[in-house]
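Dear colleague,

Please find below the structure that I am handing over to you. My notes on its packing follow directly after it.

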Amino acid sequence: MEKIQVINNGVLGSINQAAIDALTAEGQAGLSKLINGNGAGNDFLGWVKLPEETDAALLDDINATAAQLRDNCEVVVAIGIGGSYLGAKAVIEALSNSFAAYAPSNTPKVLFAGQNIGEDYLAELSDFLKGKKFGIIVISKSGTTTEPAIAFRLLKDQLVAELGREEANKRIVAITDAKRGALRTLADTEGYKTYVIADNVGGRFSVLTPVGLLPIAVAGFDIHALVKGAREMMTATLDGSDKSAMTYALTRNALYRDGKKIEILVKYNPKLHFVGEWWKQLYGESEGKDGKGIFPAAVDNTTDLHSMGQWIQEGERTIFETVLSVANPDRELRIPTDEANLDGLNYIAGKRVDEVNKMAELGTRIAHMDGGVPNIRVVIPSISAYYLGQLIYFFEVACGISGYILDVNPFNQPGVEAYKKNMFALLEKPGYEDATAAIKARL
């Protein structure tokens, strides 16, 4: 079976191989910390060996729960924020038909809530669900995170009003802490089906837990294949036979030390848009602390060549690109011949659309390298559950290694709490009286 490849010769016009090799000892030390659990944040390393520890019985149980939701629902709303939303969204969008939302289907639509506090969004979602058979997957370790808690309160009340409490409770699945927290208490009281968010797995590393697996299974995709791909990447990475994650981590850090402070993840397949959103959270929340960290951005080409392309080509030279390439598309479509040839496209008639896309990718990489933008290339054989599993684990383990090279704790996120404290003070939450007075004085 093919595996992900990392090709980094596109950086050698900016840095040399010696600069990458010089970080090898730090990278190996970082990998050792992940394996042995003796680095900063070692209480959040449950994801490292998770793929091999996820047994078939759990996956079968998740599939059974997903089947019950599919049998009883036209729509399932997954409620969560950050890692409790982005991983599932990334996999579902990548594997779905691009126009599935507009086509009739026997599989329920998986929608998302709790990832924002948009009043229009929530009101429109509520309107959309009226008269439809819907279910809820609510994902929160505490049950008190503001965004998902608001969405769950609204949608739970709507479901109960439509079905009555007993029937509504059969369509609610809670993924939460094993023993404590508001959502655990509610789930036990109401008798919801539950799955556990392990204490040693942080949200942004949770896509291969029930947090991501249940919504993905509801959408009808193969979670056994997803976990298998991750498991095989895990085994090869941890035993040292696959160096792709190490190569990526070393190369991006060598570029960072050379003054390249911004990494742009570039996709040429639109199905991977939300993989970029998941990747931004994974790296931004893991590395951006202690005044350090590569800033993660993402673009969708060739679309963004007509917007961001100018800045990338000729703007400030503080950037590098990681190009996520898909070797083989799922479908085949060839460009027809036109007798009049008014659009001048007959020179590519008969070629596959993907061949044109690949030449656009290659031409852009060459142009950007000529313009002083180093390129790392990550090649995924195709977009399938198996290869997405590989890709998820690849990015996760490279992120852990990279964080340790940066000498930060890759597994905490202390900066995330700052906005919450201000928001609670402004909303006059009980217990925040002093903070409320202080922030009002500032305003």
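Contact, as used throughout this message, means heavy atoms within 4.5 Å. Helices (H or I, at least four residues) and strands (E, at least two) are DSSP runs, numbered from the N terminus. The model is predicted, so local features need pLDDT of at least 70 and side-chain atom pairs count only at pLDDT 80 or more, while totals for chains, interfaces and linings use all residues. Residues are numbered from 1 along each chain as its sequence is written, and side-chain values use heavy atoms, with hydrogens and water left out.

I begin with helix α13 (residues 273–287). Its buried residues (under 20% relative accessible area, with exposed over 50% and partly exposed in between; 1.4 Å probe, protein chains only) include Phe274, Trp278, Trp279, Leu282 and Glu287. The buried residues of α13 pack against the helices α5 (86–95), α12 (244–257) and α16, and against β7 (262–267), β8 (295–300) and β9 (319–326).

On the α5 side, Glu93 is partly exposed, with a relative accessible area of 33%. Leaving aside neighbours within four places in sequence, Glu93 is in contact with Lys271 and Phe274. The C-alpha atoms of Glu93 and Val275 are separated by 8.6 Å, although the two residues are 182 apart along the chain.

Helix α5 also meets helix α10 (residues 210–218): Ala88, Val91 and Ile92 of α5 face Gly212, Pro215 and Ile216 of α10.

Beyond its neighbours within four places in sequence, Trp47 is in contact with Leu34, Asn200, Val201, Phe205, Tyr393, Glu396, Val397 and Phe411.

Finally, how do α2 and α16 pack, and at what angle? Helix α2 (residues 24–36) and α16 pack at an angle of about 120 degrees, with their axes 8 Å apart. Axes are lines fitted to C-alpha atoms, for helices over the stretch in contact, and angles run from 0 to 180 degrees between N-to-C directions. The contact involves Glu26, Gly27, Gly30, Leu31, Lys33 and Leu34 of α2, and Val397, Gly400, Ile401, Tyr404 and Ile405 of α16.

Yours sincerely
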